[in-house]
Amino acid sequence: MTRKELIEQIRQKQSFLCVGLDPDMNKIPQSLKDAISAKYPTEEPRTSSTLFAFCAAIADATAPYSVAYKPNLAFFEAYGLPGLHAYHSLVQYLKAHHPHHFVIADAKRGDIGNTSTMYARSFFEGPAQVDAVTVAPYMGEDSVKPFLGYEGKWVVLLALTSNKGSHDFQLTESPDGERLFEKVLRRSQLWAGDEQMMYVVGATQGQMFEDIRRLAPTHFLLVPGVGAQGGSLQEVCKYGMTRDCGLLVNSSRGIIYASGGEDFAQAAALAAQELQQQMAVELAQR
């Protein structure tokens with residue numbers, strides 16, 4: 001998906017919502033697990049089908065209110081081959097049934113060049129192609145460049161995250177006063193422009209978005225942390241929104257686990273709709 005196409009979807013839906021798909025078998029409604037168990041007597045197809053069915057139902061329910069999906073690889077890889085099968089089936093389903101949604105593989109890859117080359121192939125070639133993958137910048141340019149060799153595909157580079165430990169490294173300063181996340185932003189723009197590079201910036205960083213926008217004024221930002229992690233949508237928009245929106249705000253637990261009952265999909269739709277309506281207000285003000 002191109003930048004222009006993504007912006008068109010945001011304007012059309014009046015939404016910049018990304019729904020994080022983080023399936024946890026301990027949190028998936030028992031009614032769904034029971035229904036799947038009745039069909040599959042053995043563990044592997046049961047696990048794979050449950051993970052897939054849960055995510056597909058959430059995606060279908062939230063599609064009118066979102067522009068992107070972000071399956072988190074850890075929540076699939078934790079279940080071994082059944083989990084990986086569910087992930088690949090899900091990506092294919094999203095591309096077939098929701099082709100105008102931007103799909104991000106939240107994998108946080110990043111390794112030496114030849115390894116990153118194979119990682120890039122796993123996400124951008126074959127039957128389960130996504131639009132973007134999250135990448136860690138710690139190993140530098142040659143660990144990121146292989147992901148940038150695909151037309152229409154994006155790298156979402158970790159910049160300033162929402163977790164408490166982000167302060168351990170990301171805010172450390174060099175002798176000239178430049179913080180590490182600022183160096184990541186400045187240096188990585190030598191590798192790709194705003195047509196192919198996005199940045200992860202946690203919603204809990206608040207006014208720090210001003211510093212981000214000083215260095216990356218037009219790049220899209222993938223913003224986790226709104227909802228369950230306590231980030232403020234209004235604050236994110238105040239300091240981070242651009243003329244073209246420039247934001248994909250992710251919500252995972254606050255949407256996908258809005259209900260633990262049989263109405264989980266309907267509850268997810270209502271939670272997504274509530275966020276979309278708030279986003280529409282923010283877009284109208286700018």
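How many of the eight residues of strand β3 (residues 102-109) are buried? I went through the strand in this predicted model and got seven. So my note for β3, going by that count, is "mostly covered".

Next I looked up the neighbours of β3. On one side of my list is strand β2, residues 68-71, which pairs with β3 in the parallel sense over two bridges. For a residue-level handle I noted A68, whose bridge partner in β3 is F102.

Then I checked β4, residues 132-135. β3 and β4 also run parallel, and three bridges join them. Here I wrote down A105, which has V133 in β4 as its bridge partner.

Last entry: cysteines. I looked for disulfides and the structure holds zero. C18 is in none, and the nearest cysteine sulfur, that of C245, is 12 Å away. A disulfide would need the two sulfurs within 2.5 Å. I also looked up the burial of C18: it is buried, with a relative accessible area of 0%.

C245 is in no disulfide either; for C245 the nearest cysteine sulfur belongs to C237, 7.0 Å away. Is C245 buried or exposed? I have it down as buried, at a relative accessible area of 3%.

Definitions and conventions: Residues numbered from 1 in each chain as written. Predicted model: local features only at pLDDT ≥ 70, side-chain atom pairs only at ≥ 80, totals over all residues. Heavy atoms only, no water. Buried < 20%, exposed > 50% of the residue type's maximum accessible area, 1.4 Å probe, protein only. Helix = DSSP H or I, 4+ residues; strand = E, 2+ residues; numbered from the N terminus. Pairing = 2+ DSSP bridges.
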